[in-house]
Amino acid sequence: MPLEPWPQAGPPKASRSYHDPLHGAITLHASDPDEALLTQLIDTPAFQRLRRIRQLGPASLTFHGAESSRFTHSLGVMAIARRAFDQIQRRYPELAPHRATVLVAALLHDIGHGPFSHTAEEVFGLEHEHWTRRMVRELPEIHDALETHSAGLAAAVDQVYTHAHPIALVWQLVSSQLDCDRLDYLLRDSYFTGASYGQLDLDRILMALRFEPASGRLVVAHKGLSAIEHYLVVRHFMYVQVYNHPKNISVTWLLERAFERARADLLIGKLEADPTVTAWLLTPDRPLSLETYLAGDDIVFTYHLQRWRHSPDLLLADLCRRYLDRDLLKTLEVTRLSVDQQQDLLNSVRTHLEQQGYSGEQYSGLRRTWSRGYTTYNAGISLHSDNAFVDIKDLSPLVQTLSQPFERTWLLYPREIHPWLRQIWASYSAAAPEAE
């Protein structure tokens, strides 16, 4: 029976929809030049790569539902940015020429993320913002598409990422204390982790956004004060309960130790790795090419962890096993101890581990988490009050409280020594200084 002829490509679709669990149908219309450009960018290999990078890195070992990708988040940020910008533009039509800049910058803001998202930055010392800017400048399928849409668009998008765009609102919608990135990731991460802390009133926040022509800044109408306060409280709790969860700290510790050990083995010729992971392990001594950076994703690196699980290097093998089997180090909060007491406890733990046949430095350590619900960096959040623009913390006692830094310190150790540690912890806890 003869094969049917391959169907001829028809005209491009009038629209494309992405069905999002948070925002519903995100529809891009081919008749809109800005949205046609977004569709073209989404179809590039560099953007499709984001499907293979989890939004929350290895946090699914803590919150089993945290399986969404940077691809999904990036679409969400673009959708919120479109709602926010189009609503403001209706009041200020002079902003219309900057629509493509805002939407493209929002869509591509995370295109430079590496394997395991932010964890890769800690492990390999890389900054995803740097790689995002390089992709916009150097990848022809992105740069040429932007310039074909409008000359100078690539440079304008770069100005968003460096906060150098002459109209502050354009970059503030993408990267500020109140931006579309944060609005989406708080909602999305709350949804996928099952944490109830991330529920914020997106509609009310967007309706309160305003443009201040004299300064070019994004401001908030006074009626939006309560919604913004709620947003900042949500952000505080998400950092405390989700992003800085002690199990996430433990997972990151294991990955750091595993890749450090892999690098040491590589340097003495005792590691099997493909060219991509080999190049990544040799950073920053040997800078990565853009092509090699793009070849790295969660799948490639997890495959290597699975290979190294059977390494003749027993330390590397055990670190990989612990990550893959979720046999994580335990955590003990030691914030109440003085710095000297924390170090003394760590030294005791490491001595005990060495006596038990473990590497004290590899299997124990101190990790500090630091967060602040609100800072005034990147122009802060300005509210329109009594014909003046005032920073939100000067109007809200709640935000003043959230502006205070919140730091916690954790001791990491193997569960095998937990009974021993529990016995000696009482003496340290009793000697801890009283909280002020």
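Ser403 sits in the loop between α20 (397–402) and β9 (406–413). The model is predicted. The structure holds two cavities of 30 Å³ or more.

**Ser403**
- Ser403 counts as buried because its relative accessibility is 12%, and buried means under 20%.
- Its side chain reaches the backbone oxygen of Val399 at 2.8 Å.
- Beyond its neighbours within four places in sequence, Ser403 is in contact with Arg372, Tyr374 and Lys393.

**The largest cavity**
- The largest cavity has about 60 Å³ of space.
- Its lining includes Gln172, Ser176, Gln177 and Leu178.
- By class, the lining of the largest cavity has five nonpolar and five polar residues.

- Gly112, Gly114, Ala120 and Glu121 are among the residues that line the second largest cavity.
- Its lining also includes Leu126, Glu127 and His128, along with Trp280 and Tyr293.
- By class, four residues in the lining of the second largest cavity are nonpolar, three are polar and two are charged.

Conventions:
Residues are numbered from 1 along each chain as its sequence is written. This is a predicted model: local features need pLDDT of at least 70, side-chain atom pairs count only at pLDDT 80 or more; totals for chains, interfaces and linings use all residues. Side-chain values use heavy atoms; hydrogens and water are left out. On a 1 Å grid over the protein atoms alone, a cavity is a set of points where a 1.4 Å probe fits but cannot get out, and a pocket is an open set with protein on both sides within 12 Å along at least five of seven lines; lining residues have an atom within 4 Å of a point. Grid points are joined across faces, edges and corners, and a volume is the space filled by probe spheres set on the points. Ala, Val, Leu, Ile, Met, Phe, Trp, Tyr, Cys and Pro count as nonpolar, Asp, Glu, Lys and Arg as charged, and the others, Gly among them, as polar. Helices (H or I, at least four residues) and strands (E, at least two) are DSSP runs, numbered from the N terminus. Buried means under 20% relative accessible area, exposed over 50%, partly exposed in between (1.4 Å probe, protein chains only). A polar contact is a pair of N or O atoms within 3.5 Å; within protein, one must be able to donate a hydrogen and the other to accept it, and residues adjacent in sequence count only if both atoms are side-chain atoms. Contact means heavy atoms within 4.5 Å.
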